[in-house]
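Dear colleague,

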Amino acid sequence: MASLPSSSVIGSLAYSSGCCRRGMTRAAINMPKLGRTGGLSLRLPPRDLVQEVLDMGIGLTAATTSHVEKKYQSKTVSNVSDPMVIAKLHAIMEAVADRVEMHKNIGEQRDNWNSLLLTSINAITLTAATMAGIAATNVGGPLMALKLSSTLMYLAATGMLVVMNKIQPSQLVEEQRNAARLFKQLHYQIQTTLFSGNPYTYDVEEAMEKVLALDKAYPLPLIGVMLEKFPETVEPAVWWPQHRERQERRTDGNGWSVELEEEMREIVGVLKRKDTEDYLRLGNIALKVNKILSISGPLLTGIAACGTAFMGSSHAPLAAIVGVVAGAMASVVNTMEHGGQVGMVFEMYRSNAGFFRLMEETIESNLNERDVGRRENGELFEMKVALKLGRSLSGLKNLAASSSKKGEAIDEFASKLF
């Protein structure tokens, strides 16, 4: 009789699994009760076998957990940077931020020099010319006082012009402006190095070299280490250290291809033939104009001083004309040179030529590296070049294609920014 209850139980369970919750409830209510002494018996496995299976599961779980913890710990340790390297980079970053403020403040100070000296010298020169004109219409005692005052003022203006033309305040302002911008750029680069990944000792050495190169390219003192304002030949400004071999290496293609290498070679050729050469030519013109104006200003005030000194003699009319006219011309020349900031224009051209020279050396250093894995990523490098030249990626490719077809006959410049 035990077989009938067991079969009805199985049927009830099967029916309950295929029906809804209400059917399950009805099946549970109609389920017959089994007697304690019925013929159906469920035999459980021995206790020792159950304990052995549990022990095996616990051991497997412990082994897996230990393996995962060891792997996580090893990965965490490998990602932890050297705290001394991070501390050094933070120290360099603080020094760079301080230099940004120093160059910015000194640039503002020297800009004030340019405006105040220009105004003062022009006022002195025009006052001396006015006194010379008044003295030419008078005789007797007032003539000597006006003549002497005009001569002394012309001599003072001559000395001040010599000093001002020697230091070129407008050019000094442009130097400090460029230095502040480049130091700020270096500050952002160090921040990116700290935030993007693990900094190495190589990054510390590279940052130090860049700081020292900028200090040498744009010195703060005026005596002894000031840049030559009237060089024999115009050379691009150099504010970067010598390119070093990259330490990290990638095993894949690193984004480089034969087509990209040919494209970069064509870009270098255009930069050399057009952009760098053109800005050096413009810088040479600005330098020549600045030299002429720098010599003409003190020379005219000196001639005016000599003319006023001879007033009252037998050549008084001619001396008066020379004193007044030369003084007026000196004021015009001084305004053209320092009001027009010709020195600043020369420094701007020299800095732009240095910018293109830096791009040439950066591209060539990547192309000359035979190990592709040690180069900068090709796709990222192409995007950086395009952004610096103010072009899109397609525009950069079109420029390279046009250069390969036309060669030196190409009329287009590489840069679209300036």
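**Charges over rings**

The charged end of K274 is placed over the ring of F413, at 4.9 Å from its centre. Likewise, the charged end of R375 sits over the ring of W256, 5.0 Å from its centre. A charge is taken to sit over a ring if NZ of Lys or CZ of Arg is within 6 Å of the ring centre and within 35 degrees of the ring normal.

This is a predicted model, in which local features need pLDDT of at least 70 and side-chain atom pairs count only at pLDDT 80 or more, while totals for chains, interfaces and linings use all residues. Residues are numbered from 1 along each chain as its sequence is written, and side-chain values use heavy atoms, with hydrogens and water left out.

**Salt bridges**

Side chains of opposite charge can pair when their charged atoms come close. The structure contains 16 salt bridges, each defined as a side-chain nitrogen of Lys or Arg within 4 Å of a carboxyl oxygen of Asp or Glu. One of them joins the side chains of K397 and E263 (3.5 Å, N to O). Because K397 belongs to helix α12 (residues 393–406) and E263 to helix α8 (residues 258–309), this pair ties together parts that are 134 residues apart in sequence. Helices are DSSP runs of H or I with at least four residues, numbered from the N terminus. K397 is partly exposed, with a relative accessible area of 43%, whereas E263 is buried at 8%. Here, buried means under 20% relative accessible area, exposed over 50%, and partly exposed in between (1.4 Å probe, protein chains only).

K384 also forms a salt bridge with E376, with 2.6 Å between the closest N and O atoms. In this pair, K384 is partly exposed at 36% relative accessible area, and E376 is buried at 14%. A further salt bridge links the side chains of E412 and K416 (3.7 Å, N to O); E412 is partly exposed at 29%, and K416 is exposed at 52%.

**Aromatic pairs**

The whole structure holds 5 aromatic pairs. Rings of Phe, Tyr and Trp (its six-membered ring) pair if their centres lie within 6.5 Å; planes under 30 degrees apart count as stacked, over 60 as edge-to-face and the rest as tilted. Y279 and Y349 form a tilted pair, 6.0 Å centre to centre with 50 degrees between the planes. Since Y279 lies in helix α8 and Y349 in helix α10, the pair ties together parts that are 70 residues apart in sequence. Y279 and F356 form another tilted pair, at 5.7 Å centre to centre and 35 degrees between the planes. F356 lies in helix α10 and Y279 in helix α8, so this pair ties together parts 77 residues apart in sequence. Y279 is buried at 11% relative accessibility, and F356 is buried at 0%. Y279, Y349, F355 and F356 make up one aromatic cluster.

**A buried glutamate**

E347 lies in helix α10 (residues 342–368) and is buried, at 0% relative accessibility. Its side chain makes a polar contact of 3.4 Å with that of Q171. A polar contact is a pair of N or O atoms within 3.5 Å; within protein, one must be able to donate a hydrogen and the other to accept it, and residues adjacent in sequence count only if both atoms are side-chain atoms.

Definitions and conventions. Helices (H or I, at least four residues) and strands (E, at least two) are DSSP runs, numbered from the N terminus.
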